[in-house]
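Work through the exercises below with the sequence and the model open. Each task is followed by its solution in steps.

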Protein chains: 2
Amino acid sequence: MNNEKGLIFACDLQDREKAIEITKKVKKYIDGVKVNYPLILSSDINIISKLSRYAPVISDFKIADVPHINKIICKKAFENGAQGVISHSFLGKKSLEVCREVADSYNSELFSVVEMSHSGAEKFIHPKVDDLCELSKKVGVDGVIAPGNDAKRLRKVRNLLGKNLDILSPGVGFQGGEVENALEAGANFIIVGRKIYRSNKPKEVAKELKDKINNF
Amino acid sequence: MNNEKGLIFACDLQDREKAIEITKKVKKYIDGVKVNYPLILSSDINIISKLSRYAPVISDFKIADVPHINKIICKKAFENGAQGVISHSFLGKKSLEVCREVADSYNSELFSVVEMSHSGAEKFIHPKVDDLCELSKKVGVDGVIAPGNDAKRLRKVRNLLGKNLDILSPGVGFQGGEVENALEAGANFIIVGRKIYRSNKPKEVAKELKDKINNF
């Protein structure tokens, strides 16, 4: 992705057909579709290859296991057509490195979670953001996940990372973040789910978001 | 489970039929079967209900997301017949609490990861074991996951938890741990995967492990 800007659709639905239908509707306005376990567990992993017809798929598995398990999880995502996977970085260097190796072998991308904004993140995640960013840079991720609804933390992550890594930011829309604030604070890619898929006009909402990003 | 002792089969295979076949073979000697994403992503979530015919299933999803996503992941596991789920605790209180709530609504069990032994765990996990145990107790998990191949850390976890919570310990077998050492250090349930499913005689291996546990 490399420092472009764009919109990623968080397809957190639990209905396979609805997920396909909405992704198809918004495909013109999105640069990627993020697929998480709610959808995978409601259908199966083939949904990745199905959705990748409409946009590059990022498997948001928030991988958080020991290295030999992480390796298999990554392979499953890429074998099924994912363009990128999201891993936690909290499990340490080796667990993230195996994800990097598998991503490389599929010529695909790795993103790591370095910051979160939900209630509870203050206990273990926030105090470690410096180390999580440093580790992610060392392992050579393509980008990181950091919240778009907390400009102060997002700006800190951008400062810690420098300019060369992408930041993908959820938290815009239902969770209160604004596109412009997130971009201003250092995000490249804005991740939006509920605001799009809960709308009666997902295409219009996606277009509006994409326009905002383009016009920033 | 509550302070019994027992053997849990970590069914980390990627072949659905083989997974069923081996679980069937060892069912007499196991107290549970732990299912992780390698198997789920290689087949689908129905494998949980299939395996639960032979032993109670623990979904080892190492859940590590924001609360509203964790909730859905837990539901998927229990809806499909899991008796327990494993969640990380480093995501903080709220993320673990929603897992507890869903587990309660299915009259099922919640286990949290409080310690790990892979290379990399020293960076973020080890220094926080006290807080992760405290949080897990506060949320009211039924038990925790802590490594069976590191007696010192396991003993520490047992001391932090007190006597009333179960400890489920992986790391015995291929990862170098011994059944007796893990039980001695405070584990109740020994989790064994590769040593069983990579054996030509999984039944005999499971029996031997179960005997060791019973005779401890």
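On a 1 Å grid over the protein atoms alone, a cavity is a set of points where a 1.4 Å probe fits but cannot get out, and its lining residues have an atom within 4 Å of a point. Grid points are joined across faces, edges and corners, and a volume is the space filled by probe spheres set on the points. The model is predicted: local features need pLDDT of at least 70, side-chain atom pairs count only at pLDDT 80 or more, and totals for chains, interfaces and linings use all residues. Residues are numbered from 1 along each chain as its sequence is written, chains are lettered from A in the order in which they are written, and side-chain values use heavy atoms, with hydrogens and water left out.

**Exercise 1.** Find how many cavities of 30 Å³ or more there are, and describe the largest cavity.

Step 1. The count is four cavities of 30 Å³ or more.
Step 2. The volume of the largest cavity is about 380 Å³.
Step 3. Its lining has 29 residues, and those closest to the centre are Val66(A), Lys34(B), Pro170(B), Gly171(B) and Gln175(B).
Step 4. Helices (H or I, at least four residues) and strands (E, at least two) are DSSP runs, numbered from the N terminus. Helix α10(B) gives the largest share of this lining, three residues.
Step 5. Sort the lining by class: Ala, Val, Leu, Ile, Met, Phe, Trp, Tyr, Cys and Pro count as nonpolar, Asp, Glu, Lys and Arg as charged, and the others, Gly among them, as polar. The lining of the largest cavity then has 14 nonpolar, seven polar and eight charged residues.

**Exercise 2.** Describe the second largest cavity.

Step 1. The second largest cavity holds about 120 Å³ of space.
Step 2. Of its 15 lining residues, Tyr37(A), Phe61(A), Lys62(A), Phe61(B) and Lys62(B) lie nearest the centre.
Step 3. At least two lining residues come from β3 (57-63) of chain A, and at least two from β3 of chain B.
Step 4. By class, this lining has ten nonpolar residues, one polar and four charged.

**Exercise 3.** Identify a salt bridge that Lys62(B) forms.

Step 1. Apply the rule: a side-chain nitrogen of Lys or Arg within 4 Å of a carboxyl oxygen of Asp or Glu.
Step 2. Across the interface of chain B and chain A, two salt bridges are found.
Step 3. Lys62(B) pairs with Asp65(A), with the closest N and O atoms 3.0 Å apart.

Note on methods. On a 1 Å grid over the protein atoms alone, a cavity is a set of points where a 1.4 Å probe fits but cannot get out, and a pocket is an open set with protein on both sides within 12 Å along at least five of seven lines; lining residues have an atom within 4 Å of a point.
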